[in-house]
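These are my notebook entries on one structure. I set out to look up where some of the residues lie and how they are placed.

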Amino acid sequence: MDEKKPVIIIGAGTIGKIAYDVFSANDVVVYGFIDDAELIGVQIDEASVLGTLDDDSLFDVIGKDCEVFIGSDENEYKKQLLEDVKVKRQAMPINAIHKESNVSKTSFLGYGNLIAKGASIGAFATIENHCII
């Protein structure tokens, strides 16, 4: 993860909020969240819901000016969002790895994973994409 680039989190539910906590603990700036229209303006700690998936101006910064994380535990929805991010923005979701997790340097991590505080990934483990640990 390029810790100099801020992040936009798609999804302001539980997974998105946990990802926010991970990025904040790692001193990564979270620009805000993308979610449903009725949540626009809702404040989540120091970030807020900025807009919806239909707001192209928010997607314009993804990949170029900031990273993206898909904060959802609904697999079909994540697949759809992933295609949008890959095709429209030529970007891949980054991993959210808490600084107080233990990830072996010999493990392999795919993309879009959430590794929460206290989680442990052992030596030579393989974690595919979009896992929540």
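This is a predicted model: local features need pLDDT of at least 70, side-chain atom pairs count only at pLDDT 80 or more; totals for chains, interfaces and linings use all residues.

Residues are numbered from 1 along each chain as its sequence is written, and side-chain values use heavy atoms, with hydrogens and water left out.

Entry on Ser104. I found Ser104 to be buried, because its relative accessible area is 18%. Ser104 sits in the loop between β7 (102–103) and β8 (108–109); helices (H or I, at least four residues) and strands (E, at least two) are DSSP runs, numbered from the N terminus. Neighbours within four places in sequence aside, Ser104 has contacts (heavy atoms within 4.5 Å) with Ile121, Gly122, Ala123 and Phe124.

Entry on α3. I looked up which residues of α3 are buried: Lys78, Leu81, Leu82, Val85 and Arg89. They lie on the same side of α3, because they cover an arc of only 105° around the axis, taken from the directions from the helix axis to the C-beta atoms. The buried residues of α3 pack against β1 (7–10), α2 (56–59) and β5 (67–70). On the other side of α3, I noted Glu76, Lys79 and Val87 as exposed.

Entry on Asn75. Asn75 belongs to helix α3 and is exposed, with a relative accessible area of 51%. I found Asn75 and His130 to be 8.7 Å apart in space, C-alpha to C-alpha, and 55 residues apart in sequence.

How values were computed: Buried means under 20% relative accessible area, exposed over 50%, partly exposed in between (1.4 Å probe, protein chains only).
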